[in-house]
Amino acid sequence: MAFMRKQREEEKEFQDRVVHIGRVTKVVKGGKNFSFNALVVIGDEKGKVGYALGKALEVPAAIRKGVQKAKKEMVDVAFKGHTIPYEVWGRFGAAKVMLRPAKPGTGVIAGAAVRAIVETAGIRDIVTKCYGSTNPHNVVKATFDALLQLENPERILEKRFGRDRDEVQK
């Protein structure tokens with residue numbers, strides 16, 4: 001009983017989104033074998049987000065596997081207020097993604113793949129644009145490349161000057 005309760009609480013803690021479901025057909029001597037893969041994004045809307053690809057013979061099983069795998073590979077995203085601190089570009093393969101901070105009230109202006117990541121991370125005001133390939137797998141990886149480049153401005157100042165911002169301003 002306690003295990004089931006803990007599992008339900010954990011499910012409420014994370015929000016998951018299915019970005020893409022692909023059907024794969026393998027032609028064999030006896031006919032065709034179908035299987036599915038699901039690209040899933042999971043996040044807690046507080047700065048932790050992850051993605052994974054789950055594969056199975058049925059769609060629900062593929063989604064479940066993707067969610068389990070994504071939970072293990074979550075990363076922290078640095079954001080300021082409800083947006084990101086500065087503009088950043090991510091790239092994977094032929095897909096390029098630009099993430100730009102936006103004023104409060106703008107909302108999430110993004111395509112399906114980028115929107116799923118940004119919303120599950122907890123970012124509410126952002127402008128994005130995809131260039132090149134729009135393959136969902138590559139767009140998700142490019143978006144994560146961009147998000148991993150982000151750092152808090154305080155941390156950047158600390159790395160640059162080796163002390164607090166207040167000391168630098170004096």
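How are α3 and α4 oriented to each other? In this predicted model, α3 and α4 are oblique to each other, a class left for angles that are not under 35 degrees (roughly parallel), over 145 (roughly antiparallel) or 65 to 115 (roughly perpendicular).

## Basis of the description

The model is predicted, with local features needing pLDDT of at least 70 and side-chain atom pairs counting only at pLDDT 80 or more, while totals for chains, interfaces and linings use all residues. Residues are numbered from 1 along each chain as its sequence is written, and side-chain values use heavy atoms, with hydrogens and water left out. Helices (H or I, at least four residues) and strands (E, at least two) are DSSP runs numbered from the N terminus.

## The helix pair

The axes of α3 (residues 112-121) and α4 come within 9 Å and cross at roughly 40 degrees, where axes are lines fitted to C-alpha atoms, for helices over the stretch in contact, and angles run from 0 to 180 degrees between N-to-C directions. On the α3 side, A113, V114 and I117 meet P136, V139, V140, T143, F144 and L147 of α4, contact meaning heavy atoms within 4.5 Å. The residues of this contact comprise eight nonpolar, one polar and no charged; Ala, Val, Leu, Ile, Met, Phe, Trp, Tyr, Cys and Pro count as nonpolar, Asp, Glu, Lys and Arg as charged, and the others, Gly among them, as polar.

Helix α3 is mostly covered, with seven of its ten residues buried, that is, under 20% relative accessible area with a 1.4 Å probe and protein chains only. Among the buried residues of α3 are A113, V114 and I117, which also take part in the contact with α4. After α3 comes G122, with a positive phi near 105 degrees.

## The sheet

Four strands form an open sheet in the order β5-β6-β8-β7, with mixed pairing; two strands pair if DSSP finds at least two bridges between them. Its edge strands, β5 (88-92) and β7 (108-109), each pair on one side only.

Strands β5 and β6 pair in the antiparallel sense over five bridges, and V88 has L99 in β6 as its bridge partner. Two residues lie between the strands of this hairpin, in which G93 takes a positive phi near 60 degrees. Strand β6 (residues 95-101) also pairs with β8 (residues 126-132), in the antiparallel sense over seven bridges; here the bridge partner of A95 is G132, and K96 stands opposite Y131.

## Helix against sheet

Helix α4 (residues 136-149) lies across β5, β6 and β8, and runs at about 140 degrees to β5.

Note on methods: Buried < 20%, exposed > 50% of the residue type's maximum accessible area, 1.4 Å probe, protein only.
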